[in-house]
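Biologist: I am new to this structure and would like to learn how to read it feature by feature. Could you show me the chain and then take me through it slowly?

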Amino acid sequence: MTIEEAEPVRPAARSGGARLSMRTRRALWVWGFLALPILFYSVIRFYPTLDAFRLSFTDWDLMSTPEFIGVENYARMFGDPHFWQVFRNTFAYLIIGTPISLVLAFTIAFFLDRVRFAHTFIRALYFLPFITTASAMAWVWRWFYQPAPTGAINSFLGQIGLAQIDFLKSTTWALPSIMATAIWAGLGFQIIIFMAGLRAIPQTYYEAARIDGVGEWGILRKITLPLLKPTTVFLVVFASIGFLRIFDQVYNMTTNDPGGPLGSTKPLVLLIYQTAFSSYDMGYAAAQTVVLFTILLIVSLLQLWIMRDRA
């Protein structure tokens with residue numbers, strides 16, 4: 001009997017077992033590190049979301065036991081003219097605010113990227129409103145919009161011979177005035193992200209285009225904008241969610257009549273807040289929350305589908 005016959009060796013089997021054992025250990029380590037964040041996120045995010053769906057079918061005032069009432073909250077909501085006014089206001093913030101903010105942010109980022117003198121200082125000035133407390137910023141803008149001689153804007157209009165504008169007391173001007181504040185507040189973040197996207201584009205593309213005789217407009221249309229598509233998709237979704245969830249600016253700038261005048265500026269988040277913590281109608285507020293969640297989900301998925309890379 002030879003040595004090989006006396007001691008058979010199976011390297012393939014041992015090697016395969018070792019690889020499987022290493023993969024298993026690695027998976028256990030990974031899930032061990034991820035278990036706590038996943039559990040925390042599930043408790044903080046997933047459970048309240050699912051519970052809101054359950055509460056939307058109940059009548060609950062925080063004091064008594066929730067009573068199941070079926071779809072009565074939804075029928076009441078969809079039959080309420082005030083809800084549809086708030087719904088239109090919310091989409092006005094979205095449809096008008098998102099494109100204006102993105103166009104402004106890209107324009108500023110495009111030209112700021114070419115500035116060399118005091119570039120960092122100017123970029124910091126644009127970013128400052130984004131890190132400013134929303135309530136403080138809203139009150140400053142509320143002071144800007146006051147009648148003359150208190151309000152800076154109306155004082156300037158008076159000096160150049162124009163009539164004063166009731167920015168926050170007019171059903172025509174109130175929503176655009178608050179929207180301007182929200183656009184200004186988020187502009188700095190969008191500028192920084194656009195500039196990061198512009199800096200990530202290889203300069204060789206621009207050099208090759210200029211050698212081929214492509215003008216600046218052609219470079220912008222054929223190189224810059226297509227290569228900025230991932231950045232643009234992210235900012236479109238991010239800005240859309242922000243405008244759909246607008247609350248701070250509206251609440252602080254219309255403190256005397258939240259969402260006024262006559263509900264012309266009230267968004268869906270403010271309506272949910274008032275329903276839950278002023279009327280204590282938690283079941284009805286949960287139904288409104290479900291509608292907002294559905295809108296956010298549909299708008300985000302629709303934008304991702306429309307702007308996805310078809311190449």
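**Cores, helices and salt bridges**

Modeller: Let us begin with the inside, where the largest nonpolar core has 43 residues, and where M77, Y93, M253 and L268 have the most contacts within that core. A nonpolar core here is a set of buried Ala, Val, Leu, Ile, Met, Phe, Trp, Tyr and Cys residues joined through side-chain atoms within 4.5 Å. Buried means under 20% relative accessible area, exposed means over 50%, and partly exposed is in between, with a 1.4 Å probe and protein chains only.

Biologist: Which helix gives the most to this core?

Modeller: Helix α14 does, with 11 residues. Helices are DSSP runs of H or I with at least four residues, strands are runs of E with at least two, and both are numbered from the N terminus. In soluble globular proteins, nonpolar side chains tend to be buried together. A second, separate core of 22 residues includes L102, A109, I223 and L228.

Biologist: Before we go on, what kind of model is this?

Modeller: This is a predicted model, in which local features need pLDDT of at least 70 and side-chain atom pairs count only at pLDDT 80 or more, while totals for chains, interfaces and linings use all residues. Residues are numbered from 1 along each chain as its sequence is written, and side-chain values use heavy atoms, with hydrogens and water left out.

Biologist: What does Y93 touch, if residues up to four places away in sequence are not counted?

Modeller: A contact means heavy atoms within 4.5 Å. With those sequence neighbours set aside, Y93 touches T98, L175, I178, M179, F243, I246, V250, T265 and P267. Leaving aside neighbours within four places in sequence, Q249 is in contact with M137, A138, I178, T181, A182 and A185.

Biologist: How far apart should the ends of helix α11 be, and how far apart are its end C-alpha atoms?

Modeller: The expected span of a helix is 1.5 Å times one less than its number of residues. Helix α11 covers residues 229-244, so its 16 residues should span 22 Å, and its end C-alpha atoms are 22 Å apart, which agrees. The buried residues of α11 include V233, V236, A239 and F243, and the buried residues of this helix pack against α4, α8, α13 and α14.

Biologist: Which residues form a nonpolar patch on the surface?

Modeller: Patches are made of residues with over 30% relative accessible area and no salt bridge, where like charges are joined within 9 Å and nonpolar side chains (Val, Leu, Ile, Met, Phe, Trp, Tyr) within 5 Å. Accessible areas come from the Shrake-Rupley method with a 1.4 Å probe, and for residues only the protein chains shown count as cover. Here L36, L39, F40, V43 and I44 form such a patch, with about 540 Å² of accessible area together. L36 lies in helix α2 and is exposed, with a relative accessible area of 64%.

Biologist: How many salt bridges does the structure hold?

Modeller: Side chains of opposite charge can pair when their charged atoms come close. A salt bridge is a side-chain nitrogen of Lys or Arg within 4 Å of a carboxyl oxygen of Asp or Glu, and the structure holds five. R54 pairs with D51, the closest N and O atoms being 2.8 Å apart; R54 and D51 are three residues apart in helix α2, so they are separated by about one helical turn. D113 forms a salt bridge with R199, the closest N and O atoms being 2.5 Å apart. D113 lies in the loop between α4 and α5 and R199 in helix α8, so the pair ties together parts that are 86 residues apart in sequence.
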